[in-house]
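Subject: Structure handover

Hello,

Please find the structure below, with the sequence alongside. My notes on it follow.

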Amino acid sequence: MGFTDLVADAGLTALNSWVSTKSYIVGYSPTQADVAVYKATSKAPDATKYPHAARWYKHIGAHVDAFESLPGDASLPASSYGPDVAPAAVNPSKAPAADEDDDDVDLFGSDDEEDDAEKAALTKKRLEEYAAKKAAKGPKAAAKSLVTLDVKPWDDETDMKQLESNVRAIEMDGLVWGASQLVAIGYGIKKLQINLVVEDEKVSIDDLQEQIAGDEDHVQSTDVAAMQKL
């Protein structure tokens, strides 16, 4: 079915659910899939009703000047992505470059008619070649993102040192806290702006924001100010 009618509640609800556990529509970096869905959405989703979709829309909008250069098939509509779309149907003609070398190895030999013994020997040989090739490549580096979070306090009397201490006390496998600063936002109130590096497959930014917001005595809200792949 994919994404349809992204100006209506049903479509935005589906998009919100889809990006609740993902940074992008497909894969781990911006592609033409994000462009297609972004254009079909037409305007920023209501952050109150669709917080995950609003966060995704804002992030993809930051790449608008580079839309034409993003990888993927620009001819595919938004309905080619999302719920109930088989992975092969998303873009069968454009497999990721990292996997192209693997496609060169035919695990099961040719379609020529051969006796069982020859087929078994050929399959074994192909599997050994494939295993050797994968071993030579070594493990793939984990995909990581550099994220800047804005953490807003309730008022100018909030203890910002304690707020930051509570934020940094959150530990997750694949999460590394970085530099921070206090940024004035008006009426004597300052927000905490903090950098962090996460392994995409291990850390959900949405889950992390929920944990930070759990400090109800200090934290009013959190926002993703910036995100980029490393």
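**Surface and overall layout**

The protein chain exposes about 13,700 Å², and carbon and sulfur atoms supply 51% of that area (accessible areas come from the Shrake-Rupley method with a 1.4 Å probe; for residues, only the protein chains shown count as cover). This is a predicted model, in which local features need pLDDT of at least 70 and side-chain atom pairs count only at pLDDT 80 or more, while totals for chains, interfaces and linings use all residues. Residues are numbered from 1 along each chain as its sequence is written, and side-chain values use heavy atoms, with hydrogens and water left out.

Of the 230 residues, 36% count as buried (buried is under 20% relative accessible area, exposed over 50%, partly exposed in between, with a 1.4 Å probe and protein chains only). The chain has 8 helices and 4 strands (DSSP runs numbered from the N terminus: helices are H or I with at least four residues, strands are E with at least two). From the N terminus the order of elements is α-α-α-α-α-α-β-α-β-β-α-β. Among contacts between residues at least 6 apart in sequence, 68% join residues at least 24 apart (a contact means heavy atoms within 4.5 Å).

**The sheet and its helices**

The 4 strands form an open sheet in the order 2-3-1-4, with antiparallel pairing (two strands pair if DSSP finds at least two bridges between them). Strand 2 (175-186) and strand 4 (219-229) are at the edges with a single partner strand each, so one side of each has no neighbour in the sheet. On average, neighbouring strands are turned by 20° against each other, direction ignored (axes are lines fitted to C-alpha atoms, for helices over the stretch in contact; angles run from 0 to 180 degrees between N-to-C directions).

Strand 2 and strand 3 (residues 189-199) run antiparallel and are joined by 9 bridges. Within this pairing, V183 has K191 of strand 3 as its bridge partner, and G186 has I189. The two strands form a hairpin with 2 residues between them, and Y187 in the turn has a positive phi of about 60°.

Helix 7 (residues 160-168) lies across strand 1 (144-153), strand 2, strand 3 and strand 4, at about 15° to strand 3. Helix 8 (residues 205-213) also packs on the sheet and touches strand 1, strand 2, strand 3 and strand 4; its direction makes about 155° with that of strand 4.

**H218**

H218 sits in the loop between helix 8 and strand 4. Its relative accessibility is 15%, so H218 counts as buried. The side chains of H218 and D215 are joined by a polar contact of 3.0 Å (a pair of N or O atoms within 3.5 Å; within protein, one must be able to donate a hydrogen and the other to accept it, and residues adjacent in sequence count only if both atoms are side-chain atoms). Leaving aside residues up to four places away in sequence, H218 touches K152, P153, W154, T158, D159, Q162, L163 and N166.

**Helix 2 and helix 3**

In helix 2 (residues 32-41), 8 of the 10 residues are buried: Q32, A33, D34, V35, A36, V37, Y38 and T41. These buried residues pack against helix 1 (9-18) and helix 3 (51-61). S42 follows helix 2 and has a positive phi, near 70°.

Helix 3 is largely enclosed by the rest of the structure, because 9 of its 11 residues are buried. Those buried are H52, A53, A54, R55, W56, Y57, H59, I60 and G61. Their cover includes helix 1, helix 2, helix 8 and strand 4.

**Aromatic pairs**

The structure holds 4 aromatic pairs (rings of Phe, Tyr and Trp, the last by its six-membered ring, pair if their centres lie within 6.5 Å; planes under 30 degrees apart count as stacked, over 60 as edge-to-face and the rest as tilted). Y38 and F67 make an edge-to-face pair, 5.4 Å centre to centre with 80° between the planes. This pair links distant parts of the chain, 29 residues apart: Y38 belongs to helix 2, and F67 to the loop between helix 3 and helix 4 (87-90). Both Y38 and F67 are buried.

The rings of W56 and Y57 have centres 6.4 Å apart and planes at 65°, so this pair is edge-to-face. W56 and Y57 are both buried. Ring pairs link Y38, W56, Y57 and F67 into a cluster.

Regards
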